[in-house]
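Reader: I am new to this structure. Please take one part, the aromatic rings, and look at it closely. Then show me where that part sits in the whole.

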Amino acid sequence: QVQLVESGGGLAQPGGSLRLSCKASGIIFRINPMGWFRQAPGKQRELVARISTLGSPNYADSVKGRFTISRDNAKNTVYLQMNSLKPEDTAVYYCNAVNAVGTVLYGTSSWGQGTQVLVSS
């Protein structure tokens, strides 16, 4: 059974930084590409960053140059370093195992509780 536990969210000022973590269990982490998604109020969940099993990252245009995704296979953890935060980054952030076209690999029941990020002065 997949379990994903996100942490590290909170309140940040515009231009500030946060680092999110997501610990995975119930899967062989090192063979799974991982991604960070976000869902803002009234909007659909969107994929903002993905990292391959070999560590190659991809980013949505909205976060490119500001966010950095990384992974530590020894800790079964994926990270999202968020710099130069903007109010429009406010959302609940989730991680999940995700394929190259943005489809989660273990179904809708695999989502964790997410971590809230609020960017406001």
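Author: Start with the rule for pairs. Rings of Phe, Tyr and Trp (its six-membered ring) pair if their centres lie within 6.5 Å. Planes under 30 degrees apart count as stacked, planes over 60 as edge-to-face, and the rest as tilted. By this rule the predicted model has 2 aromatic pairs.

Take phenylalanine 37 and tryptophan 111. Their ring centres are 5.0 Å apart. Where do phenylalanine 37 and tryptophan 111 lie? Phenylalanine 37 belongs to strand β4, residues 34–39. Tryptophan 111 is in the loop between β9 and β10, and β10 covers 115–119. The pair therefore ties together parts that are 74 residues apart in sequence. Is phenylalanine 37 buried or exposed? Its relative accessible area is 5%. Buried means under 20%, so phenylalanine 37 counts as buried.

Now take tyrosine 94 and tryptophan 111. Here the centres lie 5.8 Å apart, with the planes at 75°. This pair is edge-to-face because its angle is over 60. Tyrosine 94 lies in strand β9, and tryptophan 111 in the loop between β9 and β10. So this pair links parts 17 residues apart in sequence. Tyrosine 94 has a relative accessible area of 13%. That is under the 20% limit, so tyrosine 94 is buried.

Phe37, Tyr94 and Trp111 form one aromatic cluster.

Next, the chain around the cluster. It has 10 strands and 0 helices. From the N terminus on, the elements run β-β-β-β-β-β-β-β-β-β. Residues 24 or more positions apart account for 57% of them. The link between phenylalanine 37 and tryptophan 111 spans 74 residues.

How does the overall size fit a globule? With 121 residues, a compact globule would have a radius of gyration near 14 Å. The chain has 13 Å, which agrees. Its C-alpha atoms fill a box of roughly 40 × 25 × 25 Å along the principal axes. Of the 121 residues, 45% count as buried. The chain exposes about 6,200 Å², and carbon and sulfur atoms supply 49% of that area.

Charge comes next. The chain has 12 positive and 6 negative side chains. The centres of the two sets lie 6 Å apart.

Finally, some loop residues. Asparagine 76 sits in the loop between β7 (67–72) and β8 (77–82). It is not a glycine, yet its phi is positive, about 55°. At 25% relative accessibility, asparagine 76 counts as partly exposed. Serine 84 is in the loop between β8 and β9, and β9 covers 91–97. Serine 84 is not a glycine either, and its phi is about 50°. With a relative accessible area of 41%, serine 84 is partly exposed. Glutamate 88 is also in the loop between β8 and β9. Its relative accessible area is 55%. Exposed means over 50%, so glutamate 88 counts as exposed. Between the C-alpha atoms of glutamate 88 and arginine 50 there are 20 Å. Along the chain these two residues are 38 residues apart.

Key: Residues are numbered from 1 along each chain as its sequence is written. This is a predicted model: local features need pLDDT of at least 70, side-chain atom pairs count only at pLDDT 80 or more; totals for chains, interfaces and linings use all residues. Side-chain values use heavy atoms; hydrogens and water are left out. Helices (H or I, at least four residues) and strands (E, at least two) are DSSP runs, numbered from the N terminus. The radius of gyration is taken over C-alpha atoms; the globule rule is 2.2 Å times the number of residues to the power 0.38. Buried means under 20% relative accessible area, exposed over 50%, partly exposed in between (1.4 Å probe, protein chains only). Contact means heavy atoms within 4.5 Å. Accessible areas come from the Shrake-Rupley method with a 1.4 Å probe; for residues, only the protein chains shown count as cover. Lys and Arg count as positive and Asp and Glu as negative; His and the chain ends are not counted. The place of a charge is taken as NZ of Lys, CZ of Arg, CG of Asp or CD of Glu.
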